[in-house]
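We will go from stop to stop, picking residues as we go.

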Amino acid sequence: MRWSGQQLQTEQVGALPGLARLNNLVRSVQTPEFAGITFHEILCKSALNHVPGQSAMPFGYTINPYRGCSHACTYCFARPTHQYLDLDAGKDFDSEIIVKVNVAEVLRKELAKPTWGRHPVALGTNTDPYQRAEGRYRLMPGIIAALADSGTPISILTKGTLLRRDLDLLVEASEHVPVDLAMSIAIYDDGLRDDGLRDDGLRDDGLRDDGLQQSVEPGTPTTKARLATVTAVRERGLDCGVFLMPILPFLTDTRAHLDEALRQAKAAGATSVLYSGLNLKPAVKDWYLGWLSREHPELVGRYHELYARGQYAPKEYRTWLAARIRPLIRAHGLERGVVDPATGGIRSNAFPSFPERMPPPAARPPARHPAPVPPASPVPAASAVLNGSAMPAASAAPAAAAIRRARSAEVPRSLIAAELPPDLAPTLF
Ligand code: SF4
């Protein structure tokens with residue numbers, strides 16, 4: 001979300017400090033079904049984020065219906081984006097979720113402009129569009145319908161099995177626009193907890209057997225459930241890639257784990273696998289190393305050594321990892337699609353290298369979507385509403401210094417470009 005474009009002008013009494021500066025905050029909500037999570041419902045003024053530096057990215061635009069993510073992956077590279085709201089990159093990122101309740105409505109208006117060039121649009125490049133909140137707010141159906149109706153290619157990356165809810169709509173959209181789907185699945189230790197353990201916590205086949213997936217990604221669906229979602233997508237006739245990332249040094253980079261991961265992805269029907277190593281930006285590094293020191297204190301020293309020079313593991317490690325995994329990806333028949341000889345990139349449905357691969361709007365049959373799904377209404381009800389039933393836009397003196405900081409700060413969208421690992425040619429997304 002382009003916070004710098006959201007006109008931080010009005011402070012709301014009683015709201016969290018960073019949120020208080022948003023004059024588009026509708027209300028903050030807690031519900032029994034989402035214990036420990038607060039939803040901050042806002043009216044956004046823009047839905048499409050333009051990604052700077054298009055030459056390096058296969059996508060020029062993204063949509064982030066949510067900020068923060070209850071999937072709570074300890075390694076999540078989007079964590080620092082919460083700091084722009086004076087929320088922290090740790091617990092707040094997991095539990096203070098910004099919801100753009102009118103995102104689909106705003107998107108339709110943006111896509112209707114004659115200047116819109118039907119550029120491919122990516123979802124899931126920052127926070128997860130199918131995180132748990134989506135079950136409550138149902139923003140994605142309206143977004144998918146708006147994109148398809150406007151002839152805009154769609155790309156979705158998620159860890160959320162809720163994707164299955166929208167498969168009918170995505171299948172229909174794929175009849176009108178290119179659609180790329182991918183599940184992010186990094187850890188494959190489901191069902192390995194009861195047998196074959198060695199004293200050091202590794203199975204004889206080298207798989208660490210300690211519930212790693214649910215420990216490091218505590219809010220996510222299980223690996224098994226995500227693989228079943230890959231299968232469900234494939235059964236509907238759509239391609240589905242798997243993002244095997246991040247690969248965690250000394251935890252999931254054994255040959256046995258990588259081989260097992262690729263075997264499971266292939267068995268689920270994945271059409272390709274992209275991988276990358278772990279990237280630890282400063283605020284993320286603190287949070288991840290906090291988890292590591294609790295769960296695997298024996299590895300903390302090795303991580304400090306590995307990430308001593310910056311947010312990426314050194315080139316030697318990345319080269320070693322590539323040499324280990326690439327032959328396995330090839331052996332499992334999961335290479336990243338077809339190389340485009342003109343660009344050296346990988347051909348993608350949603351991100352054609354050349355505009356001419358996209359037929360002009362007139363050549364496409366009109367989308368037959370039903371009326372766009374209305375923006376999720378602020379859900380009332382059983383919820384305990386913080387600070388009153390709806391926060392009035394009470395005016396107060398703007399926090400000038402904080403506003404200046406927010407406006408001068410690097411906007412979160414630039415993280416998309418900045419955070420992609422250098423060894424990942426971002427060809428699918
Ligand atoms: S699902 Fe993605 S966006 Fe959400 S916490 Fe995990 S890595 Fe971050």
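The tour starts with the whole chain, then visits the sheet, a few single residues and the ligand.

**Before you click**

Residues are numbered from 1 along each chain as its sequence is written. This is a predicted model, so local features need pLDDT of at least 70 and side-chain atom pairs count only at pLDDT 80 or more, while totals for chains, interfaces and linings use all residues.

**Stop 1: the whole chain**

Show the protein chain as a cartoon. It has 13 helices and 12 strands. Helices (H or I, at least four residues) and strands (E, at least two) are DSSP runs, numbered from the N terminus.

Of the 429 residues in the protein chain, 45% are buried. A residue is buried if 20 or more other C-beta atoms lie within 10 Å of its own, exposed if 12 or fewer, and partly exposed in between; the C-beta atoms are placed from the backbone.

Now think about contacts. Two residues are in contact if their C-beta atoms, placed from the backbone, lie within 7 Å. Take the contacts between residues at least 6 apart in sequence: 79% of them join residues at least 24 apart.

**Stop 2: the sheet**

Look for an open sheet of seven strands, in the order β3-β4-β7-β8-β9-β10-β11. Its pairing is mixed. Two strands pair if DSSP finds at least two bridges between them.

Which strands stand at the edges? Select 49–50 for β3 and 272–277 for β11. Each has a single partner strand, so one side of each is left without a neighbour in the sheet.

Start at β3. Its partner β4 is residues 61–63, and the two pair in the antiparallel sense over two bridges. Select H50: it stands opposite Y61 in β4.

**Stop 3: strand β8**

Select residues 154–158. This is β8, and five of its five residues are buried. I154, I156 and T158 lie on one side, S155 and L157 on the other.

L123 has I156 in β8 as its bridge partner.

Five bridges join β8 to β9, and the two run parallel. Here T158 stands opposite M183.

Show helix α5, residues 167–174. Together, β8, α5 and β9 make a right-handed β-α-β unit.

**Stop 4**

Move on to β11. Is it buried or exposed? Six of its six residues are buried, so β11 is largely enclosed by the rest of the structure. S272, L274 and S276 point one way, while V273, Y275 and G277 point the other way.

Select 241–247 for β10. β10 and β11 run parallel, joined by five bridges. I247 stands opposite G277 in β11.

Now select 315–331. This is helix α11, which lies across β10 and β11 and runs at about 165 degrees to β11. Such angles run from 0 to 180 degrees between N-to-C directions, with axes as lines fitted to C-alpha atoms, for helices over the stretch in contact.

**Stop 5: backbone details**

Stay in β10 and select P246, which lies in that strand. The peptide bond from M245 to P246 is cis, with omega near 0 degrees.

Go to F250, in the loop between β10 and α8. F250 is not a glycine, but its phi is positive, about 65 degrees. It has 14 C-beta neighbours inside 10 Å, so F250 counts as partly exposed.

D86 also has a positive phi, near 60 degrees. Find D86 in the loop between β5 (66–67) and α1 (91–95).

**Stop 6: K285**

Select K285, in helix α9, residues 282–295. With 20 C-beta neighbours inside 10 Å, K285 counts as buried. Leaving aside neighbours within four places in sequence, K285 is in contact with L280 and Y307. K285 and Q311 are 26 residues apart in sequence and 7.9 Å apart in space, C-alpha to C-alpha.

**Last stop: the ligand**

Which residues are around the ligand? Select C69, H71, A72, C73, C76, A78, T127, D128, Q131 and K159. A residue is near a molecule if its C-beta atom, placed from the backbone, lies within 6 Å of it. This shell divides into five nonpolar, three polar and two charged residues. Ala, Val, Leu, Ile, Met, Phe, Trp, Tyr, Cys and Pro count as nonpolar, Asp, Glu, Lys and Arg as charged, and the others, Gly among them, as polar.

Conventions: Right-handed = clockwise from strand over helix to strand, strands pointing away.
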